[in-house]
Amino acid sequence: MRDWSRRHSVNRPPTPDVRDDDEDDRPKEPTLLEIVNIKLIESGEKERLMELVRERLVECGWKDEMRALCRHEILIQQYTFRAFIKKNGRENVTVDDLVRAITPKGRASIPDSVKAELLQKIRTFLVSVAH
């Protein structure tokens with residue numbers, strides 16, 4: 001089952017999940033996470049934070065590390081799944097295959113300093129919006 005909550009656009013607030021029960025037709029109150037996300041988008045802060053994270057990941061070598069990991073993963077999959085590829089008629093590793101293999105490793109390898117800086121920037125933003 002996919003986690004659609006991570007697939008929201010940067011330029012618009014997340015679309016609320018469709019509920020199956022028709023018991024309560026009142027408008028759903030947005031969650032705190034949705035409110036924060038909307039404030040970040042409306043202010044342009046979300047894009048600035050994303051750019052900051054991109055810069056920090058390049059500075060610390062994470063992007064190069066992920067590029068090397070992708071190359072390595074392609075080689076491994078080509079050798080490991082050669083029989084699978086022949087059986088299913090697939091000649092190349094797809095981008096989706098690569099994303100599935102690399103995403104957990106990439107998320108786990110983001111330096112704590114980058115996470116801490118991002119968290120601090122978000123906290124500062126929330127304090128400034130609250131006043």
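User: How do you know that the length of helix H1 agrees with its number of residues?

Analyst: This is a predicted model. Helix H1 covers residues 32-43, which is 12 residues. At 1.5 Å a residue, H1 should span 16 Å. The end C-alpha atoms of H1 are 17 Å apart, so the two values agree.

User: Which residues of H1 are buried, and what makes them line one face?

Analyst: Glu34, Val36, Asn37, Leu40 and Ile41 are the buried residues of H1. Looking down the axis of H1, these buried residues fall within an arc of 165°, so they line one face of the helix. Leu32 and Glu42, on the other side of H1, are exposed.

User: What do the buried residues of H1 pack against?

Analyst: They pack against H2 and helix H6 (112-130).

User: Why is H1 called roughly perpendicular to H6?

Analyst: The axes of the two helices, H1 and H6, cross at roughly 85° and come within 11 Å. Angles of 65 to 115 degrees count as roughly perpendicular, so H1 is roughly perpendicular to H6. On the H1 side, the contact is made by Val36, Lys39, Leu40 and Ser43; on the H6 side, by Phe125, Leu126 and Val129.

User: What follows H1?

Analyst: Glycine 44 follows H1, and its phi is positive, near 85°.

User: Why is leucine 52 called buried?

Analyst: Leucine 52, found in helix H2, has a relative accessible area of 14%. Buried means under 20%, so leucine 52 is buried.

User: Which residues does leucine 52 contact, leaving aside its neighbours within four places in sequence?

Analyst: Leucine 52 is in contact with Glu117 and Lys121. Glutamate 117 is 65 residues from leucine 52 in sequence, while their C-alpha atoms are 9.4 Å apart in space.

User: Which residues form the largest nonpolar core, and which helices supply them?

Analyst: The largest nonpolar core has eight residues: Val53, Leu57, Trp62, Met66, Leu69, Leu98, Ile102 and Val114. Helix H2 (45-59), helix H3 (62-80) and helix H5 (95-108) each supply at least two residues of this core. H3 gives the largest share, three residues.

User: What makes this set a nonpolar core?

Analyst: The name applies because such a core consists of buried nonpolar residues joined through side-chain atoms within 4.5 Å. In soluble globular proteins, nonpolar side chains tend to be buried together.

User: What does leucine 69 touch, not counting residues up to four places away in sequence?

Analyst: Leucine 69 touches Ile102 and Lys105. Ile102 is also listed among the residues of the core.

Methods
Residues numbered from 1 in each chain as written. Predicted model: local features only at pLDDT ≥ 70, side-chain atom pairs only at ≥ 80, totals over all residues. Heavy atoms only, no water. Buried < 20%, exposed > 50% of the residue type's maximum accessible area, 1.4 Å probe, protein only. Helix = DSSP H or I, 4+ residues; strand = E, 2+ residues; numbered from the N terminus. Contact = heavy atoms within 4.5 Å. Expected span 1.5 Å × (residues − 1). Arc of directions from axis to C-beta. Axes fitted to C-alpha atoms, helices over the stretch in contact; angles between N-to-C directions. Parallel < 35°, antiparallel > 145°, perpendicular 65-115°, else oblique.
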